[in-house]
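Subject: Two-chain model for you

Hello,

Here is the structure I promised to hand over. My notes follow it.

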Amino acid sequence: MSPIPQQAAILYTIPSWLPTDASAHGPALDHHLLLNLWLFLALATLAHLILLIGLIASRTVEPRNLWRVEYLPLAILTILFATLTIKAERLWAAARYTGASPAALQVEVTGMQFAWYFRYPGPDAIFGITRPQLVAPGEGNPLGIDPTDPHSADDTVTSELVLPSNREIDLRLRAQDVIHGFSIPELRLKQNAVPGQTIHIHFTPTTPGTYAILCTQLCGLGHYRMNATLRIVPPDEFATWLAEKQKAAKP
Amino acid sequence: MNPSNPTNPQKPNPATSPLLPVPYSLFPRLTDHRTIGLQYLALALISVTIGTLLSLLMRIHLVWPAWSLPLHGPILPEDYLALVTIHGTIMLFFVLTTAPQAGFGNLILPAQIGARSMAFPLLNAASFWLTALALIILLSSTFVPGGSAISGWTAYPPLSAVASAGPGQALGMDLWLASIALFAIASTASSINTLTTIIKNRCEGMTWDRLPLTVWGWFTAAILSIIAFSVLLAALLMLFCDRHAGTSFFLPAGNLVNGVLRTKGNGTPLLWLHLFWFFGHPEVYIAILPGMGLTSMLLANFSRRRVFAYRTMIITTLMIGFLGILLWGHHMFVAGLNPFASSAFSVTTIAIALPASAKVLSWLATVWRSKPQYTSAMLFSLGFVSLFITGGLTGPILAQPILDEYLHNTLFVVAHFHLIMAMAGIFALFAATYYWFPLITARSGKPGRLMSEPLGRLHFWLTFLGAYATFLPMHLTGLAGEPRHYSQLTGVPGPAGLLSPAGHLLAATLPLNRHITYAAIFLATAQILFFVNLIRSFRHGTFASQNPWQATTLEWHPVLHPNAPVEASETKVVVHRQPCEYLSAPATDSFLPQWIETADTKPE
Ligand SMILES: [Cu+2]
Ligand SMILES: [Cu+2]
């Protein structure tokens, strides 16, 4: 008794396979992805139909018309691929060609076998220096933050990523040991964290909720369980949470 | 034709004498190119069996995690990753690289260009035994302390560079490196051999535009092999030095793995990614180009048609080879590359879709309204076209960095390359086996045999359905966000020990994953038919005539045929036309072989 006719229902099956979309750039990405999927599904169907009809139909002389059979379809495909590429490039450029705005919230993400840690720079907006010699997870310093650096005093390290909705985030990604893949499917976000490098990505979370952070780059035997939780909360709730975290961190 | 050369009788015919004649005579059997081809095929058959069984263990573990492997116990996360690593390595290198290129290349290529042997027979034999040694070393890594490497077939450092990074990263990783290094040396040598043979040993009249498209596939793949494998070998040596000689090509200072701190050095893992994928992407064309050539030839043969746009097919083969070495960066869109570089690699990747599309158009045009003959070989070639289209069309999607940002390292990518490489690649190998079986089984004085056609057709349909049933749903679990290399999908704990959002995301893919596992078991089981057919036909298959498919190419020539009815020394092979020429009359014997048939060479 569904109002959607049977055929249309099938059309909506694949979109439902995409997880919810909770970022500002996500809907445009989804739209482009679905456009691609439907176009290529149509092309695959068309090619198979041509193959099947060609096999079933009675024998005729062999096709010789290069222009109609080869060049015209190739020209159409070239235009199609070029259009899709240009569209994709614009989305890519919008996401990656420039950095975050200075007003963006800074958060650092560090991947290590097999956990993600998140650091907020505190009121001074500067991350304290980390030294690998000082890394001591047992003593509560998994990132090796140098206590003698004045900027490190107000840094807050968490194992859960909490972000305010509708504010741009400037993430700096690092890895301590091996390459990890920082991925939040529901924010349509993925970037490897590479030892020795600090990689910036920026995005704006929109819909409040609880989402999965995965590791998508094979990083050792605990790869499958290297996950964390992202909580997107309204801005005022975020401010309260951060203040509480910072108070708890201060002795 | 005139058997002797009246102008210069002293000049040795390059088509009849190998370039390196002295040691050749010492090992006449071991250096025979047909023997070596068969040895490579046997090695690939063993490898594909092991690789398939390992993939089944992975699939079974994913949906029944509690299942305990007999004689081993439950599959631990490190066991799962070792399975992933060996499965990928063995399939990529020891099946998809060796079987089409060194296997069927050795078996068929010399005859197809009118040559009596490969250019360097001794080097050829050495390449095979090195490859066999590489396989033994790879498999032996299972039994060393810590087990086989767990860093996947791509072996990204620092995971692969530091012994403390996890199980298998000590001796297991060294064995992996040794195995692949030997394999790279063997492949380079074997490709130099292939290239030299094609350039020097072609018979009279075999001009470049008369070369069968299979030969063009082997030729282009050989060039790619030499370029790609030498870079891989350099990268492997660098990684070995990072592990044991204190260098820092791939490791930055301050790298802290499992309590082991690296204080000096200024390398970057990204260098490995560049070097590895500079090899890794051409590698997929090395695997698929001979299959593309064979498909063109078989579609034409069984349709009794010319290959549509023959010269364009030669050009697109070379274009795919050339573009194939310019687009490795599409594996690195989210690896930390400059985003402008990603845009450039995106364009070169999309560009390769055009010669690939031109090939598909030619295949469609060749069979268009041709009423072909549906032999098993033809069915597998048609299956190749279908899988190539379905698997290939997701390529442009993954070539767009913004879409790859979502799909990278998900099951969507696994679906893409398994359809196009694993399945289309294997379909070409099946087509080659059914088609060339009479040449595989023929000996001098003993005619070849045919494989059973009814069994072959059944094998095709089950494999075709199984391939789609297994790999199509992976697109959906990938779209749902399922990452690769996850040894567990249910009950994945979060940092607090409770079921995390990640656990929910993964568990949602479980129903489809169950289906994929059933389909994979079905697909693997269907291959028993192939083995039954193979073994049965070796002993009891019906005898084939000298040219059972009425093929136009020279491997069926009465002199070059393994069971030559004509005295080889008396007949000179001369080529008169392109392959795949047919008269337009609908009579069955309307094919025109590349050679001119004289009265005494006509098949009975
Ligand atoms: Cu990780
Ligand atoms: Cu991981």
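A salt bridge here is a side-chain nitrogen of Lys or Arg within 4 Å of a carboxyl oxygen of Asp or Glu. Keep in mind that this is a predicted model.

**Salt bridges**

By that rule, A:E62 and B:R306 form a salt bridge through their side chains, at 3.7 Å from N to O. A:E62 sits in the loop between α2 and α3 of chain A, and B:R306 in the loop between α7 (269-303) and α8 (310-324) of chain B, so this pair joins two chains. Another salt bridge pairs B:E405 with A:R96, where the N to O distance is 3.1 Å. How many salt bridges does the rule find across the interface of chain A and chain B? The count there is two. Over all chains, the rule gives 15 salt bridges.

**The interface**

The rule for polar contacts finds 28 residue pairs across the interface of chain A and chain B, both residues at pLDDT 80 or more. Several elements of chain A supply at least two residues each to the side that touches chain B. They are α2 (26-56), α3 (66-96), β7 (189-193), β9 (209-215) and β10 (228-233). By class, that side of chain A has 50 nonpolar, 23 polar and 11 charged residues.

In contact terms, 84 residues of chain A meet 92 residues of chain B. Interface size is often given as the accessible area lost when the parts come together. For chain A and chain B, the buried area is about 8,000 Å². Carbon and sulfur atoms give 68% of that area.

**Annotated spans of chain A**

An unreviewed UniProt entry places the feature "transmembrane region" at residues 37-57 and 69-86 of chain A. What is the helix content of residues 37-57 of chain A? The model has this span at 95% helix and 0% strand, with its end C-alpha atoms 30 Å apart. Residues 69-86 of chain A are 100% helix and 0% strand. Their end C-alpha atoms lie 26 Å apart.

UniProt, again in an unreviewed entry, also gives "domain: Cytochrome oxidase subunit II copper A binding" for residues 102-244 of chain A. In the model, residues 102-244 of chain A are 7% helix and 39% strand. The end C-alpha atoms of that span are 25 Å apart.

**Backbone points to check**

- A:Q113 and A:F114 are joined by a cis peptide bond, with omega about -5 degrees. A:F114 is in the loop between β1 (105-112) and β2 (115-120) of chain A.
- The peptide bond from B:P157 to B:P158 is also cis, and its omega is near 0 degrees. B:P158 belongs to the loop between α4 (121-140) and α5 (171-200) of chain B.
- B:R369 is a residue other than glycine with a positive phi, near 50 degrees. Its place is the loop between α9 (339-367) and α10 (376-398) of chain B.

**Confidence**

For the complex, the predictor gives an ipTM of 0.92 and a pTM of 0.92.

Chain A has a mean pLDDT of 90, and 92% of its residues reach 70 or more.

In chain B, the pLDDT is below 50 over residues 20-24, which have five contacts beyond near neighbours in sequence. Residues 599-604 of chain B are also below 50; for that stretch the model has eight such contacts.

Best wishes

Technical notes: Residues are numbered from 1 along each chain as its sequence is written. Chains are lettered from A and ligands numbered from 1 in the order in which they are written. Side-chain values use heavy atoms; hydrogens and water are left out. Contact means heavy atoms within 4.5 Å. Buried area is the accessible area (1.4 Å probe) that two parts lose on being put together, summed over both. A polar contact is a pair of N or O atoms within 3.5 Å; within protein, one must be able to donate a hydrogen and the other to accept it, and residues adjacent in sequence count only if both atoms are side-chain atoms. Helices (H or I, at least four residues) and strands (E, at least two) are DSSP runs, numbered from the N terminus. Ala, Val, Leu, Ile, Met, Phe, Trp, Tyr, Cys and Pro count as nonpolar, Asp, Glu, Lys and Arg as charged, and the others, Gly among them, as polar. pLDDT is the predictor's confidence in each residue, from 0 to 100. UniProt positions are given in the numbering used here, feature names are shortened, and annotations may be inferred rather than shown by experiment.
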